[in-house]
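Subject: Handing over the structure, with notes

Dear colleague,

I am passing on a structure for you to look through, and below it you will find my notes on what was found. Please keep it open beside you while you read.

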Amino acid sequence: LFRQPQLALTLKRLSSAGADDFYRGEIAREIVADMSRNGGLITADDLAGLAVPIQHEPISTQFRGYEIVSVPPPGGGLQLLQALKVLELIDLDASDPNAWYETIARVMQVVYRDRLSWPFKPDEMTDSMHRWLVGADRAAELAQQVRAERKQEVIEDDEDEGDTTHLCVADESGMVVSLTQSIQSLYGAKVASDKLGFFYNNYLSTIPRHGKFLSLVGNVAPRSNAAPTMVFDSNNKSTPIMALGAAGSRRITSSVMQVIANTLVHGLAIGEAVDAPRIHGTLSGKAYVERRVATEEMVRRLGNSFHVVEVKAARSYSMGGVQAIARDGHGVWTASADPRREGTSSGL
């Protein structure tokens, strides 16, 4: 049991001293001292050099008459938007769960394979490149790969479970926030500051060490799967009808995509959509499916497309943890916390 009373004091100080204290003030000095005492890597210059947050315009695409808005690279929003566009092009009988889940798994595998083909730096993504990557022509090419129904070449690719936190908030004036923050692996670097109360992250572990694109150098931006997302009615873009995001490393994208599809394709309420069974396809040729839908027929069909099919628990921790809010036609918000992980929903 890990208690964090010092974290409360750190947050209280930030609320009064401001975020700059973390990078150049008292908190920064304690981080540097902690690193010095324990052989860490972070210096005062490192912290001071990161004091200005990077801001990007969101990226978006249309899906079944709705506008889906998410984060650009290095986040996972691009893969989410691509997956939805590909899914929209595939003529599926949504009432056939075997076909539906098999397609979801193949779509995620193809989309992440495509990410390897375009390893551009975040600041290199132009408006024209964005339009092409989430456009109809590229989606049609990826959909053709999904329809090929053959086992893809195995690409060695580790997927950890991810220690990510997501929250959604809406107020009475229509302001909506969808926020994802992560320290990468479960418990991050597995060490915490005893005086400041928080875990250090281990995001550098995700960056290739030698000879690959975005390899480990100063100020490199590590890739992330975080995908805080909002859904707008295309006829009314003043306030979103849904805000959501997830924890779960690579399963962030697949779980968020499935919740959006469950609401906009299957017509499920947000709580039902978050709770619905999930599937996930990987670059390493594995398919994970929750036990509630893992019939013999489903497993057999997945075996045609994946080298390994693994049946997970009915509500598996490793299949992502989605937190979501949705607004109905009367302006009433409903919140849903994923039963697969910790989380709560409340209204005031």
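Which residue lies over the face of Tyr112? The residue is Arg250, at 4.4 Å from the ring centre, where a charge is said to sit over a ring if NZ of Lys or CZ of Arg is within 6 Å of the ring centre and within 35 degrees of the ring normal. Arg341 likewise lies over the face of Tyr317, at 3.9 Å from the ring centre.

Before going further, please note that this is a predicted model, in which local features need pLDDT of at least 70 and side-chain atom pairs count only at pLDDT 80 or more, while totals for chains, interfaces and linings use all residues. Residues are numbered from 1 along each chain as its sequence is written, and side-chain values use heavy atoms, with hydrogens and water left out.

**The sheets**

Helices (H or I, at least four residues) and strands (E, at least two) are DSSP runs, numbered from the N terminus, and two strands pair if DSSP finds at least two bridges between them. Strands of a sheet pair through backbone hydrogen bonds, either parallel or antiparallel.

Six strands form an open sheet with antiparallel pairing, and their order is β1-β2-β5-β6-β10-β11. The edges are taken by β1 (59-63) and β11, each with a single partner strand, so one side of each is left without a neighbour in the sheet. From one strand to the next, the twist averages 15°, an angle that rests on axes, which are lines fitted to C-alpha atoms (for helices over the stretch in contact), with angles running from 0 to 180 degrees between N-to-C directions. Within this sheet, strand β10 (residues 321-327) pairs with strand β11 (residues 333-337) in the antiparallel sense over five bridges. Ala324 stands opposite Ser336 in β11, and Ala326 stands opposite Thr334 in β11. The hairpin of β10 and β11 has five residues between the strands, and in this hairpin Gly331 takes a positive phi near 85°.

An open sheet of three strands has mixed pairing and the order β7-β8-β9. Its edge strands are β7 (279-281) and β9 (308-312), each of which pairs on one side only, and neighbouring strands of this sheet are turned by 15° against each other on average, direction ignored. Strand β8 (residues 286-290) pairs with β9 in the parallel sense over five bridges, and Ala287 stands opposite Val309 in β9.

How do helix α5 (residues 77-89) and helix α6 (residues 97-117) lie to each other? Their axes come within 9 Å and cross at roughly 135°. The two helices, α5 and α6, are therefore oblique to each other, given that angles under 35 degrees count as roughly parallel, over 145 as roughly antiparallel, 65 to 115 as roughly perpendicular and the rest as oblique.

**Aromatic rings**

Rings of Phe, Tyr and Trp (its six-membered ring) pair if their centres lie within 6.5 Å, and planes under 30 degrees apart count as stacked, over 60 as edge-to-face and the rest as tilted. By this rule the count comes to five aromatic pairs. In one of them, the rings of Phe198 and Tyr200 have their centres 5.6 Å apart and their planes at 80°, so the pair is edge-to-face. Ring pairs link Phe22, Tyr23, Phe198 and Tyr200 into a cluster, and both Phe198 and Tyr200 are buried, where buried means under 20% relative accessible area, exposed over 50%, and partly exposed in between (1.4 Å probe, protein chains only).

**Backbone and loops**

Most residues other than glycine have a negative phi, and most peptide bonds are trans. The peptide bond from Pro73 to Pro74, however, is cis, with omega near 10°, and Pro74 has its place in the loop between β2 (66-70) and α5.

Gln184 has a positive phi near 75° although it is a residue other than glycine, and this residue is found in the loop between β4 (176-182) and β5 (229-233). At 12% relative accessibility, Gln184 counts as buried. Lys190, found in the loop between β4 and β5, has a positive phi of about 70° and is not a glycine; with a relative accessible area of 53%, Lys190 is exposed.

With kind regards
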